[in-house]
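Reader: I would like to go through this model and ask what stands behind the terms used for it. Please set each value against its cut-off.

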Amino acid sequence: MDDALLVVLLLADATIRVATPLVLAAFAALYSERAGVVDIGLEGKMLAGAFFAAAVASSTGNPWLGLAAAVAASVALALVHGFACITHKGNQVVSGMAINILVAGLAPTLAYAWFRQGGQTPLLPGEARLPQVHLPGVAALSGIPILGPVYRELIDDANVLIWLTVLLVVATHWVFTRSRFGLRLRAVGENPSAVDTAGLSVTRLRYQAVIITGVLTGIAGAYLSTAHGAGFVRDMTAGKGYLALAALIFGKWRPWPTLFACLLFAFTDAVQVRLQGVPLPVVGVIPVQFIQMLPYVLTVLLLAGFVGRAVAPRASGVPYVKER
Amino acid sequence: MAQDAAQGVTGRGFGRPGEAPGWVGYALLPLLNLLAALVLSGLVILVIGENPLDVLALLVTEAVGYPEAIGYTLYYTTSYIFTGLAVAIAFHCGLFNIGGEGQAYLGGLGAGLVGLALTGWPWPVAALGAVALSALFGAAWGAVPGWLQAKRGSHIVITTIMFNFIAAAIMTYLLVDVLIRPGSQSPETREFDPGVWLPTMDRALGWVGVAIPASPLNLSFLWALACCALFYVFLWRTRWGYEIRTVGRNERAAVYAGISPARNIILAMAISGALAGFVGVNEIMGVQHRILLNFTGGVGFVGIAVALMGRNHPVGIILAALLFGVLAQGGGQVSFEYPTVNRELVMVIQGLVILFAGALENLFKPRVEALFRRRSGGHDGGTAHG
C-alpha cells in the first residue's frame, strides 16, 4: 500500500517537474496567440534562454543573473519576431521557424567559442543552480498517513520556478478574465480593427504580448538548464516548444485546458521513462523508441480526434493593416 | 497570402505608374536581404573571435574555388532542390510543410529497401525502383498530415512537426532492432551491392569521355533538374496545378468554382512528400549506399529557406539551392580550418537568411521603391490612393 502510494507520488512529482517548462512555454504562447501573433519560435526562445542562463550562471556563479540573462535573450528574440510580424507584417510562421533554426545554430556556436566543451556549458555546481524551496514541518507531518508523504514528496523541496509557474497560472487566469489589459489582448486577437477604432494601438498591444511571451520562454529555458538540469547541452529543448504549442491548441487557447494538456503530455513522458524495458502484459517489452514517441503520437491523435476543428483567435496569424 | 492583401491595401500592385521594375522584386530585394543576413552573420563570427571577411572568403573558396569543391556543392544543392520544391508546392496550396525532414527520412528508407532488395540487378532498374519507392514513402508521410488537415482540421504545422519526431523514432527502431547489419554495433544496414549504386557524375560523364574530379555528385542531380521542369509544367500548365494554386489563393473561391480544397490539400501534401522523399535517392542510393541514422541532417528545414528565397518558382529554387549548397559545403570546410568555428555556424547563417528573406522580406521594399519613384521623375509622385 505504501509502496503503491510512493510510486504514484514519484510519478506525480516527475510529471510536475517535466510539466513546468511546458506550462511556461504554453502560457507564453497563450499571450502571444490570444493577441493574434502566431509563435512557433518557442523552441528557439527557450533554447536561447537555456543557453544564456547556464552561460551566465557558470561564469558568475549566480543563478539569478543567469535567469535575468535568459529573460533578456528571449525577450530580444521576441522583439525580433515582433519587428518582423507586427512592424513589417512578415509571415509569422516563417519568422518563428527562422528563430528556431538561428538559435539551434547560435547556442552551440557560442557555447563552443566561449567554453570549448563541444557545444556545452560546464556542469553547474549546486550554488549556481536555482534553489529548491524548503518548507517547514516535513518531519512533523511525516507521521500522518497520506498527507505526510504527499507533503514530503510533492510539495516540499519544489524548485522556486515551479512555485513561480503555479503563480503564473493563477495570474494568467485573472489577467484574461478580469483585467482590462487581458480583455484588450483578447480583443486584439479577435478583431483588431475594432480595437483600433476604440482608440487603442494594435501595434502596442501586440508588442506587449510578445514581450510577455519572451519573458516566460526565457524563464522556461532557465528552468531547463539551471533548475531541472545542471548546465546547457545542445538541443536540450528537444521539441518541448512544439509540444507546448500543441498543448495550447489542444487547450483551445484557454488557460486551464492548456494547463491540463501540458500535465497530460508531461505525464506520458514520466510514464514513458518508467516503461522503458519493463515487460507489459500481452504485448511484452515495447521497444524504447515506440515509448519515446508516445507524446508525439498522442499529440497527433488528440489534435485529430478530440479538438477537431480548433478555433484559433480569429485574427491569429494575420498582420494588421490600418485602413486608409 | 496575407502579404499580398497588405500590398493591395497600401497600393503597391503591379503596373502602377512609378512602380519599380520587375527585377527589383525578383533580384535586387532578395540580394539586399541576403546581404543583411550576411552582415549579421559576420557580426556573429566577430563575436566568436574570428575575422568575418577571412571566414567568408575561405567559405566561398572552399565551395566553388576548385572543380572537386563544385561537385560537393552541387551534391548538397541536389537535396536542397528536392526539399525546396517540396515546400514550394505546399506553399502554392496555402500549406506550410515543416515535415520535409521526416518525409526525406522515410524516402531514404524507401530508396534503401530497394537498394537492399535488388542485389544483382542492373543499376537503372534499382534507380527507377528507388525513385518510385522513395516517392511512395515520402508521399505517404506527407499525405497523412494533409488528410488530417483537410478532414480533421488538425493544424498542419503541428502535425508535420510531430511526424518528424515520429519518423525519427521509427527509423531509429528499424535501424537498431530490425535492419541492422548482423553482428554490427553501429545502427546502419549492410552496404548495397555496388552494382545498384547510382553512378556518380564523374563516372557517368566518363562514359561520354568527359573527365571531372570525383565527388559525391551523382545522377540524382539530373533528376532534380528534371523535377524542376516537371514542377513548372504541373503547376502552371495542368488543370491539377491550377486547382492547387486556386485553393492556395482563395479556398472559398475554389469551393465556389467546384474545386475540392480537401482533395487538393491531400494531393499537394502527397506530391510535397514525394519530392522531399527524393532526398533519399541522392543520399542513400547516390552517396551513402546504406541506410544510416540522421542522414537528412536538416535538409527539410533548409528547404523552407530555399523555397522562400526562390519565390516558390523552380528557377528561383535552383538558384537558392545553389546558395545554400555553397553555405553547406563551404561552412563545413571552414570548421576544419578554424578551431573556434563549428558546423552549426552554417545553421546561424541559414536562420538569418530565412529571417531576412522570408519574414523580413518587406524590410527594404518601401525605401527601394521610393528610390525608384524619385528617379523616374515627378509625373507620378503622388500615387493616387485613399
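Reader: Which helix of chain A gives the largest share of the nonpolar patch?

Author: This is a predicted model. In it, helix α7 of chain A, residues 160–177, supplies three residues, the largest share of the patch. The patch as a whole consists of I155(A), W163(A), V166(A), V170(A) and W256(A), with about 440 Å² of accessible area together.

Reader: Why is V166(A) called partly exposed?

Author: Its relative accessible area is 44%. Buried requires under 20% and exposed over 50%, and partly exposed is what lies in between. V166(A) therefore counts as partly exposed. A patch residue needs over 30%, and V166(A), a residue of helix α7, is in the patch.

Reader: What makes R17(A) and D13(A) a salt bridge?

Author: The closest N and O atoms of the pair are 3.5 Å apart, and the cut-off is within 4 Å. Both residues lie in helix α1 of chain A, four residues apart, which is about one turn of the helix.

Reader: Why does the salt bridge of E344(B) and R234(A) count as joining two chains?

Author: The closest N and O atoms of E344(B) and R234(A) are 2.3 Å apart. E344(B) lies in helix α16 of chain B, and R234(A) lies in the loop between α10 and α11 of chain A, so the pair joins two chains. E344(B) is buried at 14% relative accessibility, whereas R234(A) is partly exposed at 34%.

Reader: How many salt bridges does the structure hold over all chains?

Author: Seven. E188(B), E191(B) and R290(B) are linked in a network of such bridges.

Reader: What does S95(A) touch, leaving out residues up to four places away in sequence?

Author: S95(A) touches H81(A), A84(A) and C85(A), as well as L355(B) and A359(B). S95(A) lies in helix α4 of chain A, residues 92–115. With a relative accessible area of 0%, S95(A) is buried.

Reader: What makes V288(A) partly exposed?

Author: The relative accessible area of V288(A) is 28%, and buried would need under 20%. V288(A) therefore counts as partly exposed. It lies in helix α13 of chain A, residues 288–292.

Reader: Why does the radius of gyration of chain B agree with a compact globule?

Author: For 386 residues, a compact globule would have a radius near 21 Å, and chain B has 22 Å, so the two agree. The C-alpha trace of chain B spans about 75 × 55 × 40 Å along its principal axes. Chain B has 17 helices and zero strands, and buried residues make up 56% of the chain.

Reader: Where does the UniProt record place "transmembrane region" in chain A?

Author: The unreviewed entry gives several spans, including residues 209–233 and 253–273. In the model, residues 209–233 are 80% helix and 0% strand, while residues 253–273 are 90% helix and 0% strand.

Definitions and conventions
Residues are numbered from 1 along each chain as its sequence is written. Chains are lettered from A and ligands numbered from 1 in the order in which they are written. This is a predicted model: local features need pLDDT of at least 70, side-chain atom pairs count only at pLDDT 80 or more; totals for chains, interfaces and linings use all residues. Side-chain values use heavy atoms; hydrogens and water are left out. Patches are made of residues with over 30% relative accessible area and no salt bridge: like charges are joined within 9 Å, nonpolar side chains (Val, Leu, Ile, Met, Phe, Trp, Tyr) within 5 Å. Accessible areas come from the Shrake-Rupley method with a 1.4 Å probe; for residues, only the protein chains shown count as cover. A salt bridge is a side-chain nitrogen of Lys or Arg within 4 Å of a carboxyl oxygen of Asp or Glu. Buried means under 20% relative accessible area, exposed over 50%, partly exposed in between (1.4 Å probe, protein chains only). The radius of gyration is taken over C-alpha atoms; the globule rule is 2.2 Å times the number of residues to the power 0.38. UniProt positions are given in the numbering used here, feature names are shortened, and annotations may be inferred rather than shown by experiment. Contact means heavy atoms within 4.5 Å.
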